[in-house]
Structures are given as C-alpha cells and as structure tokens.
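Here's a quick briefing to read alongside the structure.

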There are 2 protein chains.
Amino acid sequence: MLTKEGCLGRRQFLWERLPEHIDWVLIGDRRHVQYFCNFRVNPVTFSADQSCLLLLQRSGEATLLADNFVRRTATETPFVDEEVIVPWYDHRHSVGNRDHALLKALQQCSSRWATGQGVIETEAVSHMIASVVAANVDFDRLPGADNTLGSLIRTLRRRKWPDEIEQLKLCMQACDAGHRAAFEVVRPGVTELDVYIAIQQAAEREAGCACVVYGDFRATNRKQYKAGGLPTRYELQSGDLFIVDYSVVLNGYRSDFTNTIAVGDPAEDQVRHFEACRDALLAAQSVVRAGVSGAEVYHAASEIFLQRGFPALSHHCGHGLGLEHPEPPVLVSESTDQLLENDVITLEPGLYVDGVGGMRFEHNYRVTNTGAEQLSHHILGLTSNG
Amino acid sequence: MLTKEGCLGRRQFLWERLPEHIDWVLIGDRRHVQYFCNFRVNPVTFSADQSCLLLLQRSGEATLLADNFVRRTATETPFVDEEVIVPWYDHRHSVGNRDHALLKALQQCSSRWATGQGVIETEAVSHMIASVVAANVDFDRLPGADNTLGSLIRTLRRRKWPDEIEQLKLCMQACDAGHRAAFEVVRPGVTELDVYIAIQQAAEREAGCACVVYGDFRATNRKQYKAGGLPTRYELQSGDLFIVDYSVVLNGYRSDFTNTIAVGDPAEDQVRHFEACRDALLAAQSVVRAGVSGAEVYHAASEIFLQRGFPALSHHCGHGLGLEHPEPPVLVSESTDQLLENDVITLEPGLYVDGVGGMRFEHNYRVTNTGAEQLSHHILGLTSNG
C-alpha cells in the first residue's frame, strides 16, 4: 500500500509546481487519484469500469468523491480529509445513470471549489464534470513544456517514492513466484493456458490476494519465431521456446520481467542466443545509473548482439515501471530520456530469429546514483539450471 | 464475441432515437465503444487504464480512435469502417503524454465531425477531447427523461441482443465450471484464497482464456454471519458456510451466480435456511416474465422468508446483467422497473442470521414474454447433493 507520508509528500510536490493563483485541482485519472491518496477503484471488482475524483486544495485538504459501490471496492484506507460518497444504489429503489452520481458528489462539496480558481485534469475529467466547475477553472495551460495537469503529474511520477518502491517490490516477489512455477509446469503436452494458470496461481498465492496477471505467454519455435499476447490452447512441443513475459499488478503498480524456457532440451544455437541475450542484459545493466541516457542503455545491449553477428536489438531495451506500462524513461535507440535516481526500470533484450525461435530475458531495477539495484530475483535461463 | 449484425443493429437503434439534426456521435465509455463495434480495451493487458473513442455518423460510418498500444490489446475484430490508430510509441523514440495521442487521432479524422452537428457522451468523453470538437457539438440535452447520450445508451442496453446473450452464455458456462470446482476444494483447512484460485482456474480452463473473476469468496459462521469481498488467507473451519458469489467477465460481459457450501456437514438449522432460500428463489423465478415489476419479483421471494418466520429479504432479490454490475432492472422492494423481454437478470435471495451464518443462492435468467429461461446450471446446495 501507499503510505500517508508518501501521499502527503506527493501532494506537496504537486503544489510546489503549480502557479500561486491556483487554489484547487480536480483529478480524474484513477491512477492519479491513487497516487495522491491511496484510493484505487479495484479492477477485480464489479466497479472496474467506474470513475472517482480527487479534489485537492492548496490549504492542504483532500476530498475523495465516489459512489457508494465504487467506495466499497477499496482494499486500503484512503488518506483524505473528507469522503463525499453518494449513495447511487441502496438495495431498495431503482437506479439512475451511475455516472451521474459523481455530479451530486461534486455539488455537495461546492464550498471547496466554488471560490478561488482551480485546474482540472483535462485528460481524465469528463466533459460532464468539467461543465459543473467550469466557471472557477483556469483553462490556460500551465507554464512549462508539459503544460497540462495530467502531463505535470506524469512527470512527477518518474521518480518513485519509498512507498511506491515497497509496493513494486511486492509485485516483483509475486512475479518471482510465478517464474519459479513456470519451470515446473513447462513441458511437452501442456497448453499455453496451463502455463498461464500455474503462474497466475503462484503469483496470487505469494501476493495473498486476487490480482491481475497479464503479458505474453506464448510459444515460439523455428518456424513461428514471433508470438505475443495472452495464452491460447496451443500444446507445447519439444523444441519450442516458451516466452514468459508478464506483469503482476498489485494496487495499481506492476512488475514486468521475462524468462524464456526451452520445451525439452535446448539446442546448441538456442543456447548461443540465450547467452547473447544474457550478456546484452548484463551490458545494459552495467551502464545504468542516474544521468545516463536511455539511448546509451539501449546501445550497450545492442552492441553485444552486433559483436556476436546478430542484427541490432530490434525492440526497446526496456522502459520505466509503475502505474502504467510502458512509462518513461524508454530505453530505445533515439531516446532523449535521461535516467533519474529512483526511476524503476526494466531491461529486456531479446532475439527473434527465423529458423531458431524467439527469446527474451529481463530483470527489473531501481536506478541509483551509482548503478542499479536489482529488484527481480528469478532464474534467467532456458532451463532451471540457468 | 459480438457480431457485426448486432453492432450494426444497435447503431441503427441509436440513430432512430436521436434528433434528426444530429449528424454524428462521439462515444467514450469503453463499454459503449464495445457495444457498438466489438472493440474492447482488454483489462487483462498493459492498456487496462487507457481510453479509446468511437465516432458514429448518421451516414452509417463508424470510426475507431485509439493509440497503437491500445489497439494491440484487442482479441476480436472491430466492426468499423475506419480505424484511426495513432502511433504513440514506436520502440525508437521517447514518448509523450499517452492521453494526448487521442487528440491527434481526433484531428486526423476531422472531416467526419467538423461539418454538421454532433453529440458527445458527456459522462465519458474527457474535457480535453470535448474541447476539440466543441464548436460542432449540440450541447442541449436530448429530448426525453434520460436526456444525455450516456443515459440513452444505458436505456438501450437493457434488452439484450442475440449476440450479447450468446456472449453471456459463455460467461455462464465458465462460471458453472468454477462452481463445480468449488465443491471439490471447499473443506476444513483450505484458505478462502485456495478456493478462489481453484474457481478462477476452472473458469479460465472452460473459457480458454485469461479473464477477470471477481465477487465474494468469504466464509461466514455462527459468530461472523456477514462477510463479503475478495478472498483472504483465512482457513476454513468445520461449521463455516462458504459463500461463492462471483462473476466471470469475458469480453466485458459477465455472469453472476452464487452457491453456499457447508464446510463439513451442515447443521439442521443451516439446512432449514438453505431450503428457505431455495424456495424463495423458486418463488421469484415463478413470477418472472416480461411486464412484471421488479418489486413484485422481490416480494415473491421475501414472502417465503416471512412465511417461514424469517425477516423480510434484507437485500436485493436480483438485478440486470450485462456490461455492468449491477444494472437495471433492480429487483427491490420499491423498484419502479418493469421486466422487459430479453432482460438478462439474476435472482439471489439470501439469509444472514446471527447465530447461524450467512448464505445466498442464485441463478441467472433471460426474461421472456412467458417466463424465465435459466442460463446458469450449477448445483444449488450446501453439499454437492443439492
């Protein structure tokens, strides 16, 4: 979970970056509501598609707005000063348009926004909600290059706070457990879906809760050397390479790391490809530290492929991790991003070669001023011997 | 999946209900994008929190707007005439604010909305998007009591189309499989989470894909007779009643049915409570048909409880099922909703009694002009003997 200290700190950071005449902000992106107050519309509930709002005031107060069925999905304590929860459904009367419940909530706390000037998160606050508060909104863009509230918050999200890093570590522990399970289940005759289910189960047992597990759970082979996405009923065959590239989402935050497992004994060329990927990963890892450019990290990995007679790395070398996937910094050939202390990133070089198969290997890291703290601890290798 | 015929039919229904001077509509609710064109932002992917837009024109054309990473999550073919897919991330360059990608998509298809007048789904189209098209939007409310585009679409969603009913049946088959698994796994010593995982696994195997399984997976007993929500690490004890009340979400649509399983042998009073719930369910089912009021269905069930010396049914007797949970009609004591042909509903009487425990039993149905077609086929009962 996010901490009260973290939420208050992030709000303080936001206020320091807003023009002085702004008295309040209205946030609509569910990721950002959580970032600032620890309330998440739980996606593994009946309210997955519904919205909520967070109103922050320069005076320091925070107000959560939601309908009663959205509020019920929370598994954590929101750190707010007031909750305006509108009873949309009471188990006695017919219901109206659920989306309109938030309008009532907004009207109920008008004293918080009807004086002074505010800004709204224009990317995520609906037109309906914006219309209600419009007379008090400063619609001029914020100063700076990233000149909307949404962009400002996305910029703040780059450097992870201690409570976010703790949350990410929980995701990574669950993801580690899934990778251990993958080595046990991958063999000829099982389906991609069998592997997914075994991983999901192991991750949920480790996390102690229901959670979303998504990613690529696909077999490749010498003929079909590229494949991605969710698992199918395809039955694994000896000679296949199974790419286990996935995220465990807990409280909105996510891990993202990969291993590739040989179905049956790996062939010599497959082992050579694995070694190239592993060494590319180590090369990328060795240059990671605050101040280095995303392009430099990409080229460190790609250079290993070129040295061994492979084409340059054909996809990103990695990206930032947090409430979204992918998020900056992106570690690509022409990236203008620079690594920051407390960026949490993934490194994931892969090779997809016609006649051999596809593979990818990946670890997650926290960027420090001197290097990279590895946060994932799964075994990398075509077999469990690494 | 939804069919092309269904999507085109629903669009036709929508146009028939819109004033003649409206030339286009812009839809932002992801449920409604799917309803009209079969494109769903897959929640079991990295794009779960992102948006897309659907632009419909009276001339019959449909245009899907999304970023390239949202588009990639689709597991089905969208039924549209044009896709405007903006390359937000290309694996070579740094990325900007992902939410702004949709702005570019909207500008790229301006010929479709910059002439004539349109309406936007004010509940779900962001202020940012609305600002771009504002000069061509008719912001007057639509005629009728439900006077926004979002409310109109919600009204249309009541009666399910044949393709929706087929999709719902797939959800129910997967949910049936989970209930069969529950009878096998519930016993003293296993955790609520163990039961959840076994059910999730059985549902996913039946469905053949990763999907969201949410609901109540909680033990009650003589002391703690009320509990709801996602599973915990609590270990089941002999004498507990385990409420298995859950939904399987496939392509946005969901099942929702319940059974309650006794941990160990059920006691006599628990069997009496089960029989009252079962008979209340049968009583409610017996009055269901198009034209009956939601209140009448509630009272049919509640009356059984009163006859047997229990208090009136303390929660809803059921509600509509589809893209949302709950949705109209709601079957409650003061409901003004009337059942319609092809409403898909659930009936779920329960008893939560201090000193005995909590239980609930539930089936799903399609409403017909003469009665109810039962869509769920799990065994109702504290033991697998019913």
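A word on domains before anything else: the domain bounds used here come from an automatic or database domain assignment. On that basis, the centres of domain 1 and domain 2 of chain A, taken over C-alpha atoms, are 34 Å apart. Keep in mind that this is a predicted model.

**Domains of chain A**
- Chain A splits into domain 1, which runs over 4-156, and domain 2, which runs over 162-374.
- Where the two touch, 8 residues of domain 1 of chain A are in contact with 10 residues of domain 2 of chain A.
- On the domain 1 side of that contact, helix 2 of chain A gives the most, with 3 residues.
- By type, the domain 1 side that touches domain 2 of chain A holds 3 nonpolar, 2 polar and 3 charged residues.

**Helix 1 against helix 2**
- Helix 1 (residues 4-16) of chain A packs with helix 2 of chain A at an angle of about 110 degrees, and their axes are 6 Å apart.
- Angles of 65 to 115 degrees count as roughly perpendicular, so helix 1 and helix 2 of chain A are roughly perpendicular to each other.
- Helix 1 of chain A makes this contact through A:C7, A:R10 and A:R11, while helix 2 of chain A brings A:Y35, A:F36 and A:C37.
- The residues of this helix 1 and helix 2 contact in chain A divide into 4 nonpolar and 2 charged, with no polar ones.

**Helix 6, mostly covered**
- How many residues of helix 6 of chain A are buried? The count is 6 of its 8, and helix 6 of chain A is mostly covered.
- The buried ones are A:L149, A:G150, A:S151, A:L152, A:I153 and A:R154.
- What covers these buried residues of helix 6 includes strand 1 (22-27), helix 2 and strand 5 (117-120) of chain A.

**Chain A meets chain B**
- Between the chains, 56 residues of chain A are in contact with 56 residues of chain B.
- The elements of chain A that give two or more residues to its side include helix 2 (30-37), helix 5 (127-133) and helix 6 (149-156). Also among them are helix 8 (192-207), strand 6 (212-220) and strand 11 (327-331) of chain A.
- Which element gives the most to the side of chain A that touches chain B? That's helix 8 of chain A, with 6 residues.
- The side of chain A that touches chain B has 24 nonpolar, 19 polar and 13 charged residues.

Note on methods: Residues numbered from 1 in each chain as written. Chains lettered and ligands numbered in written order. Predicted model: local features only at pLDDT ≥ 70, side-chain atom pairs only at ≥ 80, totals over all residues. Contact = placed C-beta atoms within 7 Å. Helix = DSSP H or I, 4+ residues; strand = E, 2+ residues; numbered from the N terminus. Nonpolar A, V, L, I, M, F, W, Y, C, P; charged D, E, K, R; others polar. Buried ≥ 20, exposed ≤ 12 C-beta atoms within 10 Å, placed from the backbone. Axes fitted to C-alpha atoms, helices over the stretch in contact; angles between N-to-C directions. Parallel < 35°, antiparallel > 145°, perpendicular 65-115°, else oblique.
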